[in-house]
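Please keep the sequence and the coordinates in view while reading.

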Amino acid sequence: MTRTLIRHARLATLQGPEAWGWIEDGALLVEGDTLRWVGDDASLPPDPQADREIDLQGALLTPGLVDCHTHLVYGGHRAAEFELRLQGASYEQIARAGGGIRSTVAATRAAGDDELYRLALPRARALMAEGVTTLEIKSGYGLSEAHEARCLAVARRLGTELPLTVRTTSLGAHALPPEFEGRTDDYIDAVCRWLPGQQAAGLVDAVDAFCEGIGFSVAQTQRVFDAARALGLPVKLHAEQLSDLGGTALAARYQALSCDHLEHLSAEGIAAMKAAGTVAVLLPGAYYFLRETKLPPVTALREAGVPIALASDHNPGSSPALSLLLMLNMACTFFRLTPEEAFRGVTVNGARALGLHDRGTLVPGQRADLAVWDVDHPRELAYRFGHNPCRRVFVAGVEIPR
Ligand code: NIG
Ligand code: FE
């Protein structure tokens, strides 16, 4: 196994009592795909037996970033819908009139597998260019058994062909497809029936739903969760984005990995998440792009000790964002997260929102997914926007050519 010694890095280990888990002049020994030793450069073991050495000359080294909520695989775009919203139509009005998610479903169904892959590839690469090494991708624009499976397979293909971990989430319960108009419960039955096949084909790591007035009710969401539980699949939920339906409390009863959006989250929802260990995934891109005015209850989440993650929510309707660094900035400016909270949200807590405990900090035993930045301090990553200081990326110990 190759042993790489990385020396003279400023380390944000995100571990231990120190803010940022800071080590001013740090070193790190990578063995194969795993971190073996992390600490002060001055206290390196006398003979680390490295095959090669990299001197970072004071550059910042952090865990690779985790984008834990995206809808990356889809056809078409919704720039015309953006114009409609600028003229006064609301996101919900457009959805109820058959546009919105349904228009992306039509474009996705019309695109071939290779076309979907070709469209998704530059989106994944744009995120990776900013240090993303783990990416969640949801289905939810196919909305039939075959089209959902196709979208999940495209997501899997991105994970095998790119130096990147892709986690797939089945989101059949995203919107009602036109052929099920007036038969929402029948559609939920269908979504539940598709899950075993998706699982047998190795296409799904978690199950999600859109619990909302323009999505599915709490009772319908529960049926999807029951089907997931029967297969041993973890659940996540788009919850309390536009209204407070109480989806979060349901998700907590199913030990959801995460509840996402959460602008309208109640005190009861926060208590339920805390008790269940569910991560709160905040999505400032959607908040911004839909011009929401209701802020997620960050102070209450913080006081309750609910772990907070951030994600791009990349999708064509509510967040066509392809920058996780921009989300850091927005989470600070809009949601008043501290830069450190925001950064933990795209590393350790993002990983946790995917049920991954082997990444997100710089600690011996963790996966060697690493990002090197041309900044002095990680707070700068949340401070600038429209600027990418990512210089080098390592995935499972291997440097990715840039
Ligand atoms: O996370 N809320 C539902 N799903 C997406 C938006 C999907 C769309 O508008 O295409 C979201 O915001
Ligand atoms: Fe989403």
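Helix 1 is the element that gives the most to the lining of the second largest pocket, with three residues. Helices (H or I, at least four residues) and strands (E, at least two) are DSSP runs numbered from the N terminus. The model is predicted: local features need pLDDT of at least 70 and side-chain atom pairs count only at pLDDT 80 or more, while totals for chains, interfaces and linings use all residues. Residues are numbered from 1 along each chain as its sequence is written, chains are lettered from A and ligands numbered from 1 in the order in which they are written, and side-chain values use heavy atoms, with hydrogens and water left out.

The second largest pocket has a volume of about 240 Å³. A pocket here is an open set of points on a 1 Å grid over the protein atoms alone, where a 1.4 Å probe fits, with protein on both sides within 12 Å along at least five of seven lines; lining residues have an atom within 4 Å of a point. Its volume is the space filled by probe spheres set on the points, which are joined across faces, edges and corners. Of the 13 lining residues, R85, A89, S90, Y91 and L290 lie nearest the centre of this pocket.

R85 also lies over the face of F289, at 4.7 Å from the ring centre; this arrangement requires NZ of Lys or CZ of Arg within 6 Å of the ring centre and within 35 degrees of the ring normal.

A search of the whole structure finds 10 aromatic pairs, defined for rings of Phe, Tyr and Trp (its six-membered ring) with centres within 6.5 Å, and called stacked if the planes are under 30 degrees apart, edge-to-face if over 60 and tilted otherwise. The rings of F82 and F289 are stacked, because their centres are 4.9 Å apart and their planes at 20 degrees. F82 lies in helix 1 (residues 79-86) and F289 in helix 10 (residues 284-289), so this pair ties together parts that are 207 residues apart in sequence. F82 is partly exposed at 34% relative accessibility, whereas F289 is buried at 15%; buried means under 20% relative accessible area, exposed over 50% and partly exposed in between (1.4 Å probe, protein chains only).

Elsewhere, F180, Y187, W194 and F216 form one aromatic cluster.

The largest pocket holds about 300 Å³ of space. Its lining comprises 15 residues, with A95, R96, R102, L176 and I214 nearest the centre.
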